[in-house]
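Hello,

Here is the structure I promised to hand over. Have a look at it first, and then read on for what turned up about its helices.

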Amino acid sequence: MPAPRDHAYIPGLMSLYPERPTPPAGGLSRMHLTGINALSDDDLIFLLQLAQYYRALMRDDLDIPLRLKGRTQVNLFFENSTRTNCSFELAGKKLGADVIVVPVAASSVHKGEELQDTTQTLAAMGADAMVVRNKEHDTAEFVSSALGKAGIPCAVINAGEGTRSHPTQALLDAATMLESLGRTPDEGLKGITVAICGDIRHSRVAGSNAELLPRLGADVRFVGPEQLHPAATQYGHVERYTSLDQGLAGCDFVMALRMQMERMEGGYGMTNEEYHASFGLTHETLGLAGQHAKVLHPGPMNRGIEISGALADDRARSLILDQVAHGVTTRMAVLDALLTEQE
């Protein structure tokens with residue numbers, strides 16, 4: 001069996017990774033990932049560098065260091081999410097962790113004593129990391145505070161909560177764009193324009209990307225029907241458009257968001273067919289951005305509503321499967337950093 005190479009190379013990136021990236025002086029600033037704004041700039045760059053490092057190892061089929069061997073990771077998802085749950089499970093297992101997926105998606109645990117008791121009990125069993133997904137805002141912050149009060153040193157990771165926060169999705173989206181451009185995290189996304197299209201009002205992905213991408217230098221736009229834009233008091237730094245013609249002009253990346261019917265009361269004022277005709281992403285509408293523009297989608301997709309199947313499957317224009325692959329390596333970076341790089 002041939003010996004593994006001593007470095008990994010990401011095709012298209014002018015970067016070699018002979019060894020794991022150097023963490024910020026003193027390590028990561030926090031032991032939890034509750035949201036994008038909880039990360040310092042140094043944390044953010046390091047996580048993206050580490051994500052590129054693991055992406056390089058995976059693409060070159062090199063041995064993954066088992067940095068979490070002997071550690072225990074608990075996935076606690078109070079909402080169904082096959083993609084994110086599996087991605088975190090794979091990430092932990094590739095790093096050597098023992099991963100426990102708790103089957104609680106059908107339960108109705110809310111913030112308060114019930115959630116406190118559930119998470120403290122699981123952490124007290126020896127969990128080193130707890131990956132939490134819930135429909136309520138600030139769940140990860142609540143859990144991290146509850147564990148802190150109990151004196152239990154367990155890292156808490158927000159795997160999606162409420163309608164505004166999904167930090168690991170934003171990190172993997174940024175990693176996908178950087179790789180597509182052949183840039184390193186230090187180079188960032190300066191000069192790049194990203195349009196986020198669709199049901200922005202109910203999207204965790206839009207919220208976290210609106211916080212993260214400008215910190216890397218990108219200009220971010222929201223594009224969609226006025227009734228699906230967030231409240232005027234939210235994300236004041238993001239330009240808003242109610243037509244594809246204006247909103248996509250000059251964009252480098254266009255991200256489609258699924259219509260989240262389960263979070264809407266009384267629908268959104270148009271049929272799915274009408275939405276697709278006015279705001280659906282197709283080869284033709286992506287052309288409004290330019291022939292160089294690439295499309296992303298956090299999934300799961302509603303084909304024929306926010307995006308056409310032909311565009312989603314066009315590997316020359318679509319980065320959707322790249323996002324899926326980056327989901328594993330970016331979450332490997334988050335788990336590794338939170339559990340091994342604390343001050």
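Two residues are in contact when they have heavy atoms within 4.5 Å of each other. Helices are DSSP runs (H or I, at least four residues), numbered from the N terminus. This is a predicted model, in which local features need pLDDT of at least 70, side-chain atom pairs count only at pLDDT 80 or more, and totals for chains, interfaces and linings use all residues. Residues are numbered from 1 along each chain as its sequence is written, and side-chain values use heavy atoms, with hydrogens and water left out.

Let's start with helix 3 (residues 113-124) and helix 4 (residues 139-149). L115, Q116, T119, Q120 and A123 of helix 3 meet T139, F142, V143, A146 and L147 of helix 4. By type, the residues of this contact are 6 nonpolar, 4 polar and no charged (Ala, Val, Leu, Ile, Met, Phe, Trp, Tyr, Cys and Pro count as nonpolar, Asp, Glu, Lys and Arg as charged, and the others, Gly among them, as polar). The two axes come within 9 Å and cross at roughly 60° (axes are lines fitted to C-alpha atoms over the stretch in contact, and angles run from 0 to 180 degrees between N-to-C directions).

The other pair is helix 1 (residues 41-59) and helix 11 (residues 320-340), which pack at about 120° with their axes 8 Å apart. On the helix 1 side, the contact includes F46, L47 and R55, and on the helix 11 side, D322, H326 and M332 are among the residues. This contact divides into 11 nonpolar, 3 polar and 3 charged residues.

Enjoy exploring!

Methods
Helices (H or I, at least four residues) and strands (E, at least two) are DSSP runs, numbered from the N terminus.
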